[in-house]
Amino acid sequence: MFVVSSIAKLARPRLWHEQAVELVNAPAAVIAAWPVVEAVLGALLIVQFDRRVMALLAVAVLALFTAVLVLRISQGRRPRCACFGSFGNTPIGWGHVARNTSLIAVALLAAFA
């Protein structure tokens, strides 16, 4: 999931930047580096490098993303989802929160299985 997400962001960097600014208004350097961070995390998860640590890092990342989604929804803001870069252009909603919650459960299972 992290690898696919990073590829989608790298495929259309301008769209990714616009979506990220709309969602979190992070610094440009963070927005530019984030797809690479996702790609590395995804690759390390795939090869099961220090599986527990990487899975827990995935949990932390997903929990942070989920908190941002809940915050924006509770503020009445529904920016476009930047979750999967060029693959996602719909406004955020509770379905995104549910998806992330499911992914957190899978990452926890990977960490402690």
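Reader: What should I know before I start?

Author: The model is predicted, so local features need pLDDT of at least 70, side-chain atom pairs count only at pLDDT 80 or more, and totals for chains, interfaces and linings use all residues. Residues are numbered from 1 along each chain as its sequence is written, and side-chain values use heavy atoms, with hydrogens and water left out.

Reader: How many salt bridges does a search of the whole structure find?

Author: Side chains of opposite charge can pair when their charged atoms come close. Here a salt bridge is a side-chain nitrogen of Lys or Arg within 4 Å of a carboxyl oxygen of Asp or Glu. The search finds three. One of them joins Lys9 and Glu38, at 2.9 Å from N to O. This pair links distant parts of the chain, 29 residues apart: Lys9 is in helix H1 (residues 2-11) and Glu38 in helix H3 (residues 28-46). Helices are DSSP runs (H or I, at least four residues), numbered from the N terminus.

Reader: Is Lys9 buried or exposed?

Author: Relative accessible area is the guide: buried means under 20%, exposed over 50%, and partly exposed in between (1.4 Å probe, protein chains only). Lys9 is buried at 2%, and Glu38 is buried with a relative accessibility of 2%.

Reader: Which residues does Arg80 pair with?

Author: Arg80 forms a salt bridge with Glu22, with the closest N and O atoms 3.0 Å apart. Arg80 lies in the loop between H4 and H5 and Glu22 in helix H2, so this bridge ties together parts 58 residues apart in sequence. Glu22 is partly exposed, at 30%. Arg80 also bridges to Glu18, where the closest N and O atoms are 3.9 Å apart. Shared partners join Glu18, Glu22 and Arg80 into one network.

Reader: What about nonpolar residues inside the protein?

Author: A nonpolar core is a set of buried Ala, Val, Leu, Ile, Met, Phe, Trp, Tyr and Cys residues joined through side-chain atoms within 4.5 Å. The largest one has 14 residues, and those with the most contacts inside it are Trp16, Leu23, Ile31, Leu69 and Ile92. Helices H2 and H4 each supply at least two residues of this core. A second, separate core has nine residues, among them Met54, Val59, Val61 and Leu62.

Reader: What does Ile31 touch?

Author: Contact means heavy atoms within 4.5 Å. Leaving out residues up to four places away in sequence, Ile31 touches Trp16, His17, Ala20, Val21 and Ala26.
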